[in-house]
Amino acid sequence: MMPRSMFCAERLYELLTAIPRGKVVTYGTLAEMMGNRGYARAVGNALHKNPDGEKYPCYKVVNAKGELAQAFVFGGIEEQARRLAAEGIEVKNGRVDLKKYGYINDMDYALSYIEDRLKLNPKGRYGLKMELRQKGVND
């Protein structure tokens, strides 16, 4: 069990504000952004207690399969889908395409995620890094 002092819901809420328009993030990715992938359940619990759904856009958070939250705290799954659609995010059968709409916040994480594709890319790691920068992925 994680010590209470290690997880900071306020920090989580601020991270939500950094997710770009038209992108979603998974519980696991938010947990990694907080420093420990093991925080994924704590992320879900904190999102369910979100004090301000307009300021802290928890509707942008989906599970690892891209599925919407069954118990979305601000109006249920239909409301989460509506808010995502308002940002241009397509929801099909309660799911978002993470390859198209998923947010990756870290350059190294992004590069490791696509490392297996390097063999198919003639530009190599440097070329992919430049492409990712153009898409807004941070170093």
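Gln 80 is buried, with a relative accessible area of 0%, where buried means under 20% relative accessible area, exposed means over 50% and partly exposed lies in between, using a 1.4 Å probe and protein chains only. This is a predicted model, in which local features need pLDDT of at least 70 and side-chain atom pairs count only at pLDDT 80 or more, while totals for chains, interfaces and linings use all residues. Residues are numbered from 1 along each chain as its sequence is written, and side-chain values use heavy atoms, with hydrogens and water left out.

Gln 80 has its place in helix α4, and its side chain reaches the backbone oxygen of Tyr 59 at 3.0 Å. Leaving aside residues up to four places away in sequence, Gln 80 touches Cys 58, Tyr 59, Val 61, Val 62, Leu 68, Ala 69 and Phe 72, a contact being heavy atoms within 4.5 Å. The buried residues of α4 are Gly 76, Ile 77, Glu 79, Gln 80, Ala 81, Arg 83 and Leu 84, and what covers them includes β2, β3 (91-92) and β4 (95-96). Just after α4, Gly 88 takes a positive phi of about 85°.

Helices (H or I, at least four residues) and strands (E, at least two) are DSSP runs, numbered from the N terminus. Of the 139 residues of the protein, 41% count as buried, and among contacts between residues at least 6 apart in sequence, 57% join residues at least 24 apart.

In soluble globular proteins, nonpolar side chains tend to be buried together. Here the largest nonpolar core has 33 residues, and those with the most contacts inside it are Phe 7, Leu 12, Leu 16, Leu 30 and Val 96. The elements that give two or more residues to this core are α1 (9-16), α2 (27-33), α3 (40-48), β2 (61-62) and α4 (76-86), with α1 giving the most, namely five residues. Such a core is a set of buried Ala, Val, Leu, Ile, Met, Phe, Trp, Tyr and Cys residues joined through side-chain atoms within 4.5 Å. Leu 16 touches Leu 30, Leu 47, Tyr 56, Pro 57, Cys 58 and Val 61, not counting residues up to four places away in sequence.

α1 and α3 pack at an angle of about 80°, with their axes 10 Å apart, and they are therefore roughly perpendicular to each other. Axes are lines fitted to C-alpha atoms, for helices over the stretch in contact, and angles run from 0 to 180 degrees between N-to-C directions; those under 35 degrees count as roughly parallel, over 145 as roughly antiparallel, 65 to 115 as roughly perpendicular and the rest as oblique. Where these helices meet, Ala 9, Leu 12, Tyr 13 and Leu 16 in α1 face Val 43, Ala 46 and Leu 47 in α3.

Gly 44 also has its place in α3, but at 24% relative accessibility Gly 44 counts as partly exposed. In the loop between α3 and β2, Lys 55 likewise counts as partly exposed, at 48% relative accessibility.

As for confidence, the mean pLDDT of the protein is 80, and 78% of its residues reach 70 or more, pLDDT being the predictor's confidence in each residue, from 0 to 100. Over residues 1-5 pLDDT stays under 50, and the model has three contacts for them beyond four places in sequence.

Notes: A polar contact is a pair of N or O atoms within 3.5 Å; within protein, one must be able to donate a hydrogen and the other to accept it, and residues adjacent in sequence count only if both atoms are side-chain atoms.
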